[in-house]
Each structure stands twice: as C-alpha cells, then as structure tokens.
Amino acid sequence: MKKLSFKKNKKQFKDTEYEASNQTIIVPPKEVKISVIDYDADFFEEKMMDNLKNLYDYKENDHTSWINIEGTHDAQIIKRLGWLYHLHPVLQEAVCRENQRAKIDFYEHNIFVVLQMLSYNDTIDDLETEQISIVLGEKYLITFQEGKEGDVFDDIRVNLRGSSKQKLRNAGSSYLFYVLLDAIIDNYFLILEKITDKLESLEIKIIRDQASKDPTYELYEYKQRLMTVRKAIRPLRDIVGQLSREDNKIIRESGFYLRGLYQRITQVVEDTENHIEMSSNLLNMYLSVIGQRTNQVMKTLTIFSAIFMPLTFIAGVYGMNFENMPELKWKYGYLIVMILMGVFSGLAYWFFKRMKWL
Amino acid sequence: MKKLSFKKNKKQFKDTEYEASNQTIIVPPKEVKISVIDYDADFFEEKMMDNLKNLYDYKENDHTSWINIEGTHDAQIIKRLGWLYHLHPVLQEAVCRENQRAKIDFYEHNIFVVLQMLSYNDTIDDLETEQISIVLGEKYLITFQEGKEGDVFDDIRVNLRGSSKQKLRNAGSSYLFYVLLDAIIDNYFLILEKITDKLESLEIKIIRDQASKDPTYELYEYKQRLMTVRKAIRPLRDIVGQLSREDNKIIRESGFYLRGLYQRITQVVEDTENHIEMSSNLLNMYLSVIGQRTNQVMKTLTIFSAIFMPLTFIAGVYGMNFENMPELKWKYGYLIVMILMGVFSGLAYWFFKRMKWL
Amino acid sequence: MKKLSFKKNKKQFKDTEYEASNQTIIVPPKEVKISVIDYDADFFEEKMMDNLKNLYDYKENDHTSWINIEGTHDAQIIKRLGWLYHLHPVLQEAVCRENQRAKIDFYEHNIFVVLQMLSYNDTIDDLETEQISIVLGEKYLITFQEGKEGDVFDDIRVNLRGSSKQKLRNAGSSYLFYVLLDAIIDNYFLILEKITDKLESLEIKIIRDQASKDPTYELYEYKQRLMTVRKAIRPLRDIVGQLSREDNKIIRESGFYLRGLYQRITQVVEDTENHIEMSSNLLNMYLSVIGQRTNQVMKTLTIFSAIFMPLTFIAGVYGMNFENMPELKWKYGYLIVMILMGVFSGLAYWFFKRMKWL
Amino acid sequence: MKKLSFKKNKKQFKDTEYEASNQTIIVPPKEVKISVIDYDADFFEEKMMDNLKNLYDYKENDHTSWINIEGTHDAQIIKRLGWLYHLHPVLQEAVCRENQRAKIDFYEHNIFVVLQMLSYNDTIDDLETEQISIVLGEKYLITFQEGKEGDVFDDIRVNLRGSSKQKLRNAGSSYLFYVLLDAIIDNYFLILEKITDKLESLEIKIIRDQASKDPTYELYEYKQRLMTVRKAIRPLRDIVGQLSREDNKIIRESGFYLRGLYQRITQVVEDTENHIEMSSNLLNMYLSVIGQRTNQVMKTLTIFSAIFMPLTFIAGVYGMNFENMPELKWKYGYLIVMILMGVFSGLAYWFFKRMKWL
Amino acid sequence: MKKLSFKKNKKQFKDTEYEASNQTIIVPPKEVKISVIDYDADFFEEKMMDNLKNLYDYKENDHTSWINIEGTHDAQIIKRLGWLYHLHPVLQEAVCRENQRAKIDFYEHNIFVVLQMLSYNDTIDDLETEQISIVLGEKYLITFQEGKEGDVFDDIRVNLRGSSKQKLRNAGSSYLFYVLLDAIIDNYFLILEKITDKLESLEIKIIRDQASKDPTYELYEYKQRLMTVRKAIRPLRDIVGQLSREDNKIIRESGFYLRGLYQRITQVVEDTENHIEMSSNLLNMYLSVIGQRTNQVMKTLTIFSAIFMPLTFIAGVYGMNFENMPELKWKYGYLIVMILMGVFSGLAYWFFKRMKWL
C-alpha cells in the first residue's frame, strides 16, 4: 500500500507505532494462494491449488467456477491465467498495480472490475484498504485479492458449501458476483457504523463536557476517516450504478439485485456525506463553546481585578509613610476605611450582578 | 430502529433518559394488527383481522381495498400476503428490513414504495422515524407500518367512514395513495414548523441576550434535526417526482394531484435547506457576538488595570521605608500625592474615552 | 400569513412591537373588492363591482378584460368565478391557500400562475409577502390579491386609462400579463436596492469604526432578508423561464418580452446571491477586526502589567519592615531606587517598541 | 451608473473622496459623438459626424462600416439609427438602459450584444463599469458606448488605419467584431492582473508581518473587486460561448477565432474564482495568525503575573505592621526573603520553559 | 512565465531569494534545440539539428518521426515548421504564447494539444510550470517545450533507443502520444505525493505539538500549491477525457490506453480536491487548538490572580499605618493572618479544582 494520501497512515498518531515504523522491516514474500470452488445446484467441489495446471478443466465444464487468487505480486500466475481466460494485457497489469481508482470495463467475454475494499483493523485502530479485482464470465468468476488477513468472503464460501437448494447454488456466476459486491458494501456499512458510534460517544462527551482532553484531535481523525470512506465508495457507487443500468448478457440475470445494491450504496454515500457535514457542525459548535468559556474565564478574572485592585490601592494609600496624614490619627480611621472597602465591594458585586457577569 | 447515524439518539442528551437506556428493557413482541377497509362510492366495510384467511375475498371483489399491516416482524404474514398479491420475494424482504432509503419500484401489476415517515415524539422531545411500505394495485392498496403509536392515517380513515359523496370514496386506489402521501408530507410540514418555532424563539433569545445558558448546544441540536429531516425528505421528493412524471396506468388518474404534491414537497425541501443555512448564520452571528463580548470584558479589565496599577505603584513608593525620603516630611506631601493621583485618573479616563473604550 | 419560516417575523426584534404582538388583535374580515377594466385600442371601461353578476358580459365581448379580486378569503366568489372561467377545482383551492411556492400550470384555455410578491413595509421596517394568483386567457386576465395595502399595479391602471395609442392598449391580454409580471419583478429590484443601501452604509460604518453598537445583529438581519428575497424569487425565475420557452398560443405574442424579463430576473437572482455572499464576507471581515482589537487591548494590558508589576514589587520590597535592611539607611537609597525604576521602565518601553506592540 | 450593488462605491472608503461626493456636482450633458470608419482591403475612410444624415450611404456601399456612437442618452439618435438598421424597438430601449446583464439576441439581419466592460480608474483607485452595445450585420458593425474617458478600442482604430495587407482590413465585419470582443476581454485580463499584483504584495506583507495596519480591510476590498469582476465576466463568457457554438451566417467566418476567445475567457473566469478562493484562504490564515498572537501576548502577561504576584505578596507580608513578627528581627531575615524570592523566580522560569511558553 | 496569479511566486516567501529577485538578471537568449527521433520496429535514428532543412525527409518516409523543439521564442522556426506540417497560423501563435489554458483542437490532418506541465523545482522549493504543445499526425508527432531544465521525456527516449521488440517501437505515433501524456500525468502524481508527504509531516507535528513556529504559513503555502495543481490538471483532465471519447482516426488505435489514462487523471484530480479539503480541516482543527490553549493560558492567569490578589490585599491592610489598629498588637495577630491566608488559598485551590480548571 503506497502512502499516497495524507490520511492513509493515521496510525502514526499513536506514538509507539510511529517509532516502530522507522525501523526496517523485511517482509518475506507471501506465497500466492489459489483456490477453486466449482459448483452448480447438484455439484460442489472445493480445492486449494499450487499452480494453474488443472484450471483448464474448470473452464471447460458446465459448473460455475469461482477462482480466488490471494496475492497479486506473482505476475507469472496472472499472465497464465490471463492467457487462459482471454484477459487483455492491460487488465493483467491493472490487477497487479496497487491503489487504483475503482473502475469497470466491459469486454466481449467478460466484465472486469477493480475496486477498493475498506476494512477496519482493530490492531492498529485504523482503516485498511485492500484492492480486489474481479473478472466475471458467463461460467466463471475470478477474484484477485492482495492477501490481507481476514476475509470478507468467508461467509459466502460457507453458504456455497451449504444446502444445494439455496438461490446461490442454483443461480449462475452473475448472482455470485452480486453476492460478493453485496458483502463488500456491507463491510462499508459496518465501518461507517463503527466511526459513527465513536462520533456519537464523542458528541455526548463534548455536550456533557466530559471530554477528558482536547476532543479536537479525535474529531479531526474521525472526519479524515469519513473522507477516506467517501473517497473509496464514490467510485464504487459509479460502478454499481453502471452495472445496474447496463444491459449486458453476462449480468442481465442479476440486474434486479444490482439495482437494489445501487440503492443501498447510495445510502452509504449519503450517510457518509451527512456525517462529514455533521462532524463539521460539531467542531463549529465546540469552537463556539470554547469561545464561551474563555469569555467566562475572562469575566472571573475581571471581577477579581475590579474588586481587589481598588481595595489594594486604598490599603496602599494608608500604608504610605507621610508624616502628615491626619486620617491615620483618627480614632476610627481604620474602621472607616474598612467599612468603605466593604461598601465598595458590595457596589462592585451589585454592578457585576446587573451586568449579568455573576 | 438501528442506531445507524449519529443523529438518531439525540434523546441521550437528556441525562436521565440516557441512564435509563443502559438498563436492559425487554419489550414483549407486539402482535401484528391487520385491518381492512373495503369501499367504493356505495359500499363501506371496515374489519380488524387476526389472520389472512379472508383476505382473498377482498382481492376478488370490485371495491377498493386498503389493507393495513401494523408490525413488520412476522415474516410469515408478509410471505403469505406476498404470495396473494404477487409481491416479488425481494420486496417481501424489503418490507421487513428497517431503515432503508426511500425507494420506488414499478411492477406489472403494482407499484411498490418504501419511505421513511418522521414524527415528533413529545415524550422524548425528539424525532422518530417509522418506515412505511406501500403496495399500490389497481383495486387495492397495502400499507405496512412498523407499528409505532400515533397514526398519521387516522384522519383518512375517519374521512372514508364519512359521507359517500366525497371524492375519496368515489375515486379509486390511486387517489387513496395520493391522500396517504399527502398526509405523510403534511407531517413533515408540521415537524419543520415545530423546529422552526423553536429556532425562532432561540433566535429572539440570542438577540435579546436572554439565552439562559449557552445556546450553542440547543442550536446544534436543532440543526442536526433539520439535517435529519433533509436526509429523510430528499429521497421522498425524488419518489414523488418520479411518480408525478411516470405515465403508469395505475396512477395515471391521480397524476394531476401528484404533480401538486411534488410542488409542495419541493417547498419543504427548500425550506429545510434554507433553515439549515440560517441556523449556520445564527451560529456565526453568535460567535461574533461572543467575540465582541470578550473584547468588552477585556477592555473593562484593561481600564481597571491601567488606572489602579500606576496608583498602587505610587502608593507603594511612598510606603517605602527609606530614611531619607524628603517628600514624606513635606507638610502637603500627602495632599500633593493624592491630587496627582486624581489628575492621573482623570487623564486615564479621558484617554479611554477618546479611544472609545468607555 | 402563517409563521412558517423563522425569518418571517424579524419585526419581533423591535421590542415594543413584540410586546404588542402578544395582545389579541381582532381584525374585522375585509370585504372582497372586485374591479374590472375592459379595454381595447378604442374602448375603455373601469368598474368596481359588489358581486359577479355582470361578469359574464365581460367574458363574451371582444375587449380585453382585466378582473382584479382583492381578498381571497371568500371561497364562494372564487368558486363562481372558477365556474365562469373554467378554472379547475384544484386551482380554485390554490388561489385560497396562502404561502404557496410559486408555480405555473398550463391548461387548454388558460395559464395559471401563483407567485409571491415581496414588498417593503416601512411601518414595521420589514419585508411583507403577498400571494398573487393570475389566470391568463386569450381575452381576459384575472388577478387574485390577498388585499394588502399599497398596490404595485396602480401605475399600470393609470397607464391603461391614458392614451389609447400606447402599446398596452393595443396589445392583448398577454402583453398586460407581461406588464404585470414586469411590475412585480421591478418591485424585487426596489427591495434589493433598499437592502443594498442599508448594507452599504453598514459597511462604511464598520470600516470607519463608527458602528454605534454591535453591527452583527444588523448584518444578520439584512442577510436573513436577502435570503427571504432569494427564496421568493428563485421559483419566480423558474416560472418566467418556463413562460419564455413555452410555445403556447396564449402567450406567444409576448414571448419576446418574456425572454427579456427572464434576463432581468436572472440579474436579480444573481445580485441577491452576490449580496448574500458579500454579507458573509463582511461578517468574516468583522470577526477578524474584532480579533485584531482584542489583540490590541491585550497588548495594552500586558504592557501596563509588565511595567507596573515589577515596579510595584520593588516598592513593596523597600516597604518591608525588616530591621536589618542596609539600603534603607543609605543616603541616596531612595534616589537610586527611583533611578533604577526609571531605567527599568525605559527598557520595558524599548522592548515593547521593538516587539512592535507600541 | 446606478448604485445597485453595494460593491460599486468602494471609493467611499477613502474619507476625503467620500466627503467630496456629498457635494452636488452638476455635470453638463455630454454631446453624442458619432464616428464612422468605412473600409475594405483597398479603401479606408474615417469621419466624425454631427448627425446621422449621411449614414445611409455607408449602409449601401460594399465596404465594412464601423459606426461608433459615444453617449447613449440621446434617444432620438438611437431611434433614427434603429430605423435605418432595422433594430427592434426593444433593442433601442436596451441600448439606452444602463447596468444591464450582458445578453445576446440573434435577429434575421443582425446580432445584438450588450455587455459590461470593466476598467480600472486609477484616479479613484476603483473599478468602473461601462456598458457597450454592439450590433453586428453582414456589412456593418455599430457600437454604442456610454462615453467614458479612455477607449479600449483606440488600438484597433490605429490598426485599421495601418497597412491594408493585414487580416483586419481584409476580413469582414465579423472579424472586426471578434477583435473588439478580444480587446474587451484583454481588459479583464489586465484588471485581474492589477488586483492580483496587489493581493500578492499584501500576501507577502502579511506573511512577513509588515502589514502597517489591519490588512483585513484591504483584503476585503480586493475580494469584493474580484467578485465584481466575476459578476461582470460570467454572463460575458456565456455570450462568447453561445457565439462560438452558434452556426449563424453573420459570424460563421470568425467561428474559429471565437472558439479561441471562449477558451481565453474561460481562463479569466477560472482565475477569478481561484483568486476569490485564495483571498478567503488568506483571510482564514490571517485569523489563525491573530489567534496565535493573542495567545502569545496572553502568555507574556501570564508569565509576568505569575512571577510578580507572589513576589509582591511576600513583600506585602513583611510590610505588615504587626508588633509580633519574629522574622523581622532576624539578622538575615531580609537576605533570606530575597534569596527565597530569587529561588521562586527561578522555579517559575524553569516551569514556563518546560511548558514551552518561553 | 508571466506573474499572472498570486500563487506563482511562493518562492518570494524565502527572504533571501526575494532580495535577489530585485536585482536585474540578464538571461542570454537560449538557442532553440531541435531533435528528431525517427523509428519503426526495424529502424531507429536520432539526430540533433541546427535548422529545419532536412526535416522534409522525415515527413516523407514511412517511419514514425518525433520532432522535439526546445525553446518557443523563435517564431521563424515555428513558422517554417507550421508551413511544412500544415499548422494553422493561429496554432503557430498558440505555440509561442505562454501560460495558456490547456486546450485541444482537431484538424483534418493532425490533433493539436497545448498543456501545462508542472514540475517541482527543488532549488527554489516551489512548483514550476512549463507549457508543452503537441502536434500529432498519423506518421509524426511534434513537441514544443519552453526549454526548462530537466526533461520528463528522457525515459521515453531511452526506451525508444532500447529493444525493438517493445510495444513503443511497434505501435505508431498515437501510442507515442499516449506515452508522453502518461509521463506528464505521472509527474503530477509525483508532485501530489511530494506535497502530501509534507502535509503529512506537518499534520503529525501539529498533533504532537512539535511545530517549531506558527504552522499556519506552511499550511497556507501547501494549500496554495494544491490549488495550483488543481488549476493545471483540471483542463488537462478535460482534454484527456475528450481524447478518450473522440473517434478520430489518428488516435483510434490508442483509444483503449487513453481511457485508462483518463481514469488515472481523474484519480489525481479527486486526490487533489480531497487534499485541499483536508488541509482546510487541518487549519480549522488548529484554530480550535489555539482557542483551547488561549483558554488554558487564561485559566492559569485567572487562578494566579484570584489567589494572590486577595492575599496581597490582606497584607496591604495590615501594612496600613493607622495608629488605632488593635489586631496589630495582638500577640498572635501575625500568625492568625498567615493561617487565614493559608485557609483562603486552600479554598481557592479547591474551588478551581471543582471548576475543573486545574
């Protein structure tokens, strides 16, 4: 994952991690995992493969084949697969290149989709992107993942292995395609909910004035994350929109589902934008609250000064050492001065009361 | 109602309720209420039903039937109803799923609408959402409600029971459909008016400086509510717009009314957006007012300091205990110093007057 | 006029009026005034009528008839008129309902326009809305006014009564329609100019720092008014735009004039939006000015404190009553301390001069 | 020039001018100047005329005639000219009316353009608007100017008088039209550059903190000017865009040049909008800088108070006149107190150093 | 490069450079460098030329010729080249004129593109613009550069010289055109990454409060640069978009690549806009942080004042020289006062603790 935008490594905010990231870490190249699930209503086969040798069989048979490639660093495998499934060389390149904008291309025999999947990594308490490329043919579907841990597609695999009566086993590859997209978009929903929950509790903290420290940093971080979500999901919405309008024979069968998907993703986009606007509102509100408080502090200071400065001055006057100060010799001089000071304090109190400063 | 957006539980701001929400409350599952109103110009029948047995009769006859289902948690009932009225399985699912974006689908025999109804719950002093799904056929109309208390459709029922000469009894299901939408949109109008009234009185309070506490929280809350209204009504406007343009045989008869409805809903949307902008203006204005006041407080403080600091210093000087301080022995030393202090105060006063600080 | 938006009763800002508005005022229902002007190049007749009896004659003849109804509370009159001139029942209702969004409807025999006219009421120093509905037929034009005082159409009546050679007398009803719209839009121009003049003088006051009190409230009020103007004129522009593009036989003759009108109204809209943006700029500028001033006040305070606090401290030190303080017995102790204090003040002055605080 | 928008008389900011503007100035009505330039590749004639008598000759001949009318207050002249060149009465009126939005109308025999020309008046240090109307026929071009001093078209006249081999003399009226528009748009470029230069030097001043006074007013003034430019040039761009797309026989010949012109004017519009956004950025940056400085000043004040208040208090304690204060009689009492004070100051210094306030 | 926009010379912020820029620097006119690369799959020739004499040969042969002209100040050369390759005179002019908005023109025999290339000049630590004009014919491609140092096309030349089997040597001029555009857009990516890296480290500094000085200036500078990038790349995106949609025979062959390019440039534009928005967020966050800190400083000041002002006052009271002050003679007067002061301080501490100021 290249550090392209200045919101990708929010994790650096946590000091310890940041220090660590300065050390050189040598990651051993992961192996590419190839798995095939071949199924129709009556048949189910699941296999992990080391190489692409037997893949040709899956292409020829009548079942729907879902080939999943984890790890996109081995250009050889992608090249062979590309040759087998008539993938344009540019697409082969696109599969390998990271951090691309989500896009869709329609070919004669297949549809090619690149998209960014967001997931919330609890370990580093930050968002993670994983690029997924999908090639959809009439009888097959190939998915390329970068190979991060945790897989959003596991539930779908479990479903496939399950009862042969369910729709997923009976419908073709385009329905599988829809189910995959659905899982990805569901993930966005979950992330949005996670950020929203944190924003909500921050909101309550701010309003009850229980925010332990300056909540600005936290608010800023959540807003940046929401913008990351928006950045990732907007092109995804365009793609789903295009899919739901396209009259392509490969996806025609699932058009109805894709239109529903488009409505759901539109909701995610709208919610994200709403939340961004709301976090701006929250910051503005907080700015006003700070202004209010500074004002309050200033008033306290001014009241203290306005009361004690004159008093101290009077005390200072009668602390002067002039030989000829008649008041000093009066019997009740001290008493009178003390009473005067009391009266003055009372007046000041009344004045600030009337000014509504107290 | 899932907590999806961080504006849904403003109620948590009231402390007591918040505490309460931490307790586990067990809500006994409500029963599903099914009611049927079957009518035309000459005929009127209203029935509460326990199950769907006799529903088939209503489908077959020539009257317009309005079937209202309160409670969408019983999938069985929806399934049977779906089978009876040819509802697509996806629609059956949509009826049950909460918190969806308003949407419309046109089928061969019916029109399917999902929309969010907002209502103002006075008990918790906050907005509440209820999802309503409507299926409109040529001779029937089915409404699915979540089953909240208070029903926006009661007036319509009263009307139906009334004189058989009114338009509602003589026109078909599409006019009933229009009347239902009209009632829902009227509700938005009422909510908007409620928020607006509160905003107005807050505005007057701020301008007269009678806001008891920091009005920022209140302003923020109203703005969030307005955004909730906007979020709910925008997709609703799209739907009414689509209905008013569509040349579908089921709603053709009421096209004229739907176009009028579209103009009304457009007004609600515009008003909401105007109010959001205005509450932003109000906050900005208040920020400037706070700035002004802090400035005023600072001036008061500075004037006090600028007058009393030098005076206290002079008093301090003549309070020093040096043996050789000739002024101390002058007969009018004390008087001269007091006069000098008076003159200095006068000059300071004149200076601040000229600076327009007083 | 319902209180729908929180900008309608700015008049409440003036306290006295507000108190007054709490009293119950019983307004006797005004009578509906009906006036007819029947004219062509050679003929002119003007009549005030009590009822609609003779209206049929005006419909049948070949002259252009302008029927003006002041007061829309009498549904009976509108109903009869509607029957006479084939007005759709929905339109009859629209005429009576207040505070509608401007709209236009094209019918077979006439064009129906509802619009909001703004006028500046000098008595309450605020904007007032009046709803005007216009029905335009080939030989007649009906205007419905709420019946506020002051009439923007008086000039047009005077013109009609005048020379029979002018265009207004020779052209048909559609030209009269254009002239009425023109008068209404001219009114917007006047209001905009009025607000602009006030904004200008406020701007100059702010820049010269002559604003007697906090100009924020005033600025806020003008901005709200500009938003009221924008809210009213935007739908009006849409209507004029639609009229200028429509190829309807009733208005075809005046299409050229309506296109010109559209350009003028576009200018009003653009100017209004420009002014709103500018008043935002003005507020931002003022915020910065306040910030600047607070900064200046703080500097004054800090300079005073920084000079007198150390001086007072030194004086305090030599005011201590220790028995063993050798400096107190020096012959020039007092002089030395005073000189030291002078030098210190000089240094402080030089320091603040270099810091550019003075 | 009517005072329509509150940005037209920025000149009033300079006090002296403002005072002057309160005096009544009687401007003698200027005479209308009519000049004709009649040319083709082989022929050139330039004439100043008192009246329109001989204008008919120019219309009939085969040369391209450029008729320039300076001063639009004489409706008679415009009427006669209108009659001669088939100008619609509405256009004749449009020529005379000031402060119109730029617009274009296509007629059978000519194209009519009204546009606002901006120029920078160095005397009053402000922008000035002049309305120019252009009528373009196949063999003629008529320009109407308000008759301000300084003429943006002088260079074009000089060019026309020059070599007969240049394109301007050989191409027809539409090329002349393009050249005139080009000169006007060039003027916008110059104005934009002028404002930009001032903004640049203000920016540098602010960043180096050399802004003699509050730069806010200046910044505000430049922003208002940029908005004036934007307001004037946006409709102009629409016009040039329409001209560049229109397939009208009168301008077809110069379509290529007009498309180039459209690209240039688009650049001016984009630059203007960019600059408006940038001046907003500059103000925001300045606001933050002020906040920073106030913070700095506050720290200085707090440091002084925090050091000297306790010291003064201690001195005050030992200045008390209690009879029984044992410390006062200690031999090193004074020394000890002074040392304690020194230590305390050191600690305070160290504390503020650690807090990074110093 | 004309100083057209006030963001072009950010370099002036560094004082030393600014001084230098006031000195007159005489730049000797650079010579125009002409280079030709003539190639196809089997053939490769590269030549530097002094004049255009032999260029005709390259035009006639069957190889793809890439003619690169560095330096656009010699109008003669451009004229001759224009005559040779049928360039419209307006294009010849466009090549020479600096600082144009990116544009594209389609002609019968060639496509003409003008675009602005941004590069990061490390010496002056600022962005630099260079205008590049490209003429694309079926068998040739001409590039005109201003002749700045550092060449983004060098890699492409190296590639051309390399293996004859690669796509670049086998495809025609339109593929070369795509590769050139690709290199230019890659450069934008690099610049964006550079600014982003700086923004990121500034962000971390701000959040950890390690920003040595006021980070506002730096933030402002980066934002201005991002706006420069946006200004340059938006028209470029329009051009690539037009190229990718156009069905022109000259570029048809590379349409597929150009569509991919369009997706990449869209990503750059979106990222730029995202970053601009984010730097605004960062500034707002920083403003709130400053407000917070000022608040904190004020609290410190107020606490000091609130504690020491009353204490100093009490000390002042007992420093008064009244003859009749009974307390002064009490045995434990001094002790009692000291204890009272201690108690008072304790109460004040407790009070501020409860107010959460400590």
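The paragraphs below go from the arrangement of the chains to a sheet in chain E and then to a helix of chain D. The model is predicted, so that local features need pLDDT of at least 70 and side-chain atom pairs count only at pLDDT 80 or more, while totals for chains, interfaces and linings use all residues. Residues are numbered from 1 along each chain as its sequence is written, and chains are lettered from A and ligands numbered from 1 in the order in which they are written.

Chain A is superposed on chain E by a rotation of 72° with 0.1 Å of shift along its axis, at an RMSD of 0.1 Å (by least squares on the C-alpha atoms of residues with pLDDT of at least 70 in both). The two copies are thus related as by a five-fold rotation axis. Within chain A, the residue that comes closest to this axis is A:Gly319, at 4.7 Å for its C-alpha.

Chain E holds an open sheet of seven strands, in the order E2-E1-E3-E7-E6-E5-E4 and with mixed pairing; strands are DSSP runs of E with at least two residues, helices runs of H or I with at least four, numbered from the N terminus, and two strands pair if DSSP finds at least two bridges between them. Strands E2 (44–49) and E4 (103–106) of chain E stand at the edges, each with a single partner strand, so one side of each is left without a neighbour in the sheet. Strands E1 (residues 33–39) and E3 (residues 64–70) of chain E run antiparallel and are joined by seven bridges, and E:Ile37 has E:Trp66 as its bridge partner in E3(E).

In chain D, helix H7 (residues 173–208) has 36 residues and should span 52 Å at 1.5 Å a residue, which agrees with the 53 Å between its end C-alpha atoms (the expected span is 1.5 Å times one less than the number of residues). Just after H7(D), D:Asp209 takes a positive phi of about 60°.
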